[in-house]
Amino acid sequence: MDPTVQLELSVDRGSPVPLYFQLSQQLESAIEHGVLTPGTLLGNEIELAGRLGLSRPTVRQAIQTLVDKGLLVRRRGVGTQVVHSQVKRPLELSSLYDDLEAAGQRPTTKVLVNTVVAASAEVAAALGVAEGGEVHRVERLRLTHGEPMAYMCNHLPPGLLDLDTGQLEATGLYRLMRTAGITLHSARQTIGARAATAGEAERLGEQTGAPLLTMERVTFDDTGRAVEFGSHTYRPSRYSFEFQLLVRS
């Protein structure tokens with residue numbers, strides 16, 4: 001069965017919004033909300049055009065818009081297929097795990113490193129501990145639908161909480177902190193971009209030199225204590241940050 005038959009698709013010919021854009025927005029919403037799941041094949045363009053009373057070029061333009069966004073892909077001999085939607089993360093104090101769950105992305109985690117190390121100058125300054133002192137280092141690979149999305153390296157002060165590898169793979173770091181009675185209050189965060197090193201490219205399934213989003217964050221509890229210093233890299237094809245800007249009067 002054509003999966004788009006099950007969607008409530010409609011267009012408003014009286015609207016100034018182009019018909020192709022109305023259709024593409026409805027299909028994009030269905031993908032982002034998991035109604036059209038990754039791997040789903042869209043129906044025949046001719047049938048969809050006939051059902052909506054649209055021309056075939058209009059339907060083709062709507063689909064091409066989503067192909068350009070990376071939400072659909074045309075495969076020779078297969079047809080037009082839904083691929084993984086990009087997660088849009090709001091800039092607020094939340095964990096990637098929680099954001100992925102909220103987006104219906106079924107996150108999984110692979111713990112690469114879970115150990116105690118000597119604090120570098122950068123880590124010591126971020127966490128307010130002595131350089132060379134012990135800190136906990138955790139490196140994780142976050143995946144959605146079996147594909148890597150982000151590599152996360154986190155440092156925590158010693159004795160903050162028990163970081164069990166099994167728990168780290170089952171849930172998010174912030175959730176473990178809250179369970180341990182730590183009240184997360186605020187964070188200082190920097191976002192950037194750079195080319196992937198060979199190691200990063202291999203971890204994230206990208207080409208060496210491919211662009212990556214970066215984020216560094218120092219998180220504080222309600223007493224003002226630094227409880228986490230994170231350095232993360234993300235695949236921009238699967239992930240973006242959302243800003244809400246307010247105009248000062």
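Predicted model: local features only at pLDDT ≥ 70, side-chain atom pairs only at ≥ 80, totals over all residues.
Helix α1 covers residues 19–32 and belongs to a protein chain with 8 helices and 10 strands. The chain has 249 residues, of which 44% count as buried. Among its contacts between residues at least 6 apart in sequence, 60% join residues at least 24 apart. Within α1, the buried residues are Q22, L23, S24, L27, E28, A30 and I31. An α-helix has 3.6 residues a turn, so residues three or four places apart point the same way. Just after α1, G34 adopts a positive phi of about 80°.

The packing of α1 was examined next. Two packed helices are described by the angle between their axes and the distance between the axes. For α1 and helix α3, which comprises residues 56–68, the angle is about 45° and the axes lie 8 Å apart. On the side of α1, the contact is made by L19, Y20, L23, S24, L27, E28 and I31, and on the side of α3 by T58, V59, Q61, A62, T65 and L66. The residues of this contact of α1 with α3 comprise 8 nonpolar, 4 polar and 1 charged. Of the α1 residues in the contact, L23, S24, L27, E28 and I31 are also buried.

Helix α3 also packs against helix α2, which spans residues 45–52. Here the angle is about 115° and the axes are 9 Å apart. The range from 65 to 115 degrees counts as roughly perpendicular, and α2 and α3 are therefore roughly perpendicular to each other. The crossing of α2 and α3 is right-handed. Residues E45, I46, L48 and A49 of α2 meet R56, V59, R60 and I63 of α3 in this contact. The residues of the contact of α2 with α3 divide into 5 nonpolar and 3 charged, with no polar residue. V59 of α3 takes part in the contact with α1 and in the contact with α2.

Note on methods:
Residues numbered from 1 in each chain as written. Heavy atoms only, no water. Axes fitted to C-alpha atoms, helices over the stretch in contact; angles between N-to-C directions. Helix = DSSP H or I, 4+ residues; strand = E, 2+ residues; numbered from the N terminus. Contact = heavy atoms within 4.5 Å. Nonpolar A, V, L, I, M, F, W, Y, C, P; charged D, E, K, R; others polar. Buried < 20%, exposed > 50% of the residue type's maximum accessible area, 1.4 Å probe, protein only. Parallel < 35°, antiparallel > 145°, perpendicular 65-115°, else oblique. Left-handed = near helix turned anticlockwise from the far one by under 90°.
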